[in-house]
Amino acid sequence: MNREMPPKMASYVEMFRAMERSERINALIELGEKFREVPPSVAARPFPEDRRVPNCESEAFVFWEERPDGTLKFHFAVENPQGISARAAAVLLDRGLSGAPLEQVLAVPGDVMYEIFGRELSMGKNMGLTDLVNACKAAAASTLARRRGAETGEPKPSQSEPSAPPASAPDGH
C-alpha cells in the first residue's frame, strides 16, 4: 500500500511552502476566488448536518462521489461568503485529492494546512481547515471500509451513518 499523499497535493504543499508570506496570501486569495460550490446534482440546501465540517467557522460541508476508477470526486460548500481560507482549502483539496487512490488520501498528514497556509495560521482557523482535510480522509476511509466489507461478505456500514469526522484531536490528527 502506498502511504504517500497524492502527488498533486504534495506539489501544492511544496509550491506554497516555497512562497514568501505575502505571495502565499495573494495566491490563496486567488485560489479562493476559483471556488465552485457543490453542484445541485450532488447536494442541495439545506445541506445535511452529517456533512458539516466540525470547528469550521466558515460553515463548510464536504460531499463526494465515487468514480468508476474507484477514486472519489470531492465537492464542497462554504456558507460564509467571507470564508476565503475555507474556499481556498476546498479548491486545493478538490484538485489535490479528487481522483487519487484512497490510500493516498488517507496518507495526507494532519498538519498539511499549516504547511500550505503557513505557521501564522490561528488555532481556530487551523482546527476548521484540519477538519476539512479530516472529512475528506473520513470519506476515503468509509469508502474503503465499505468496499472491504463487500469483498469479505461482512455487513456494510449504514449509508445513513454520519460521515463527518469527530473534532480534531489535540495533536491535529
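How many salt bridges does a search of the whole structure find? The count is 13. Keep in mind that this is a predicted model.

Let me take some of those pairs in turn. Start with glutamate 115. Its salt-bridge partner is arginine 17, and the closest N and O atoms are 2.9 Å apart. Where do the two sit? Glutamate 115 is in helix H5, residues 112-117, while arginine 17 belongs to helix H1, residues 7-17. The two parts are 98 residues apart in sequence, so this pair ties them together. Arginine 17 itself is partly exposed, at 43% relative accessible area.

Next pair. Glutamate 120 forms a salt bridge with arginine 21; here the closest N and O atoms are 3.8 Å apart. Glutamate 120 lies in the loop between H5 and helix H6, which covers 123-152. Arginine 21 is in helix H2, residues 21-33.

Third pair. Arginine 52 bridges to glutamate 59, with 3.8 Å between the closest N and O atoms.

Some bridges share partners. Which residues do they join into one network? Glu14, Arg17, Asp111, Glu115 and Arg119.

Now the helix contact. In general, two packed helices are described by the angle between their axes and the distance between the axes. For H2 and helix H3, residues 84-97, the axes come within 7 Å. They cross at roughly 75°. An angle from 65 to 115 degrees counts as roughly perpendicular, and H2 and H3 are therefore roughly perpendicular to each other.

Which residues meet there? From H2, we have Leu28, Ile29, Leu31 and Gly32. From H3, the list is Ile84, Arg87, Ala88, Val91, Leu92 and Arg95. How do the residues of this contact divide by type? Seven are nonpolar, one is polar and two are charged. Gly counts as polar in this scheme, and Gly32 is on the H2 side. The charged class includes Arg, and Arg87 and Arg95 are on the H3 side.

That's it from me.

Conventions:
Residues numbered from 1 in each chain as written. Predicted model: local features only at pLDDT ≥ 70, side-chain atom pairs only at ≥ 80, totals over all residues. Heavy atoms only, no water. Salt bridge = Lys/Arg side-chain N within 4 Å of Asp/Glu carboxyl O. Helix = DSSP H or I, 4+ residues; strand = E, 2+ residues; numbered from the N terminus. Buried < 20%, exposed > 50% of the residue type's maximum accessible area, 1.4 Å probe, protein only. Axes fitted to C-alpha atoms, helices over the stretch in contact; angles between N-to-C directions. Parallel < 35°, antiparallel > 145°, perpendicular 65-115°, else oblique. Contact = heavy atoms within 4.5 Å.
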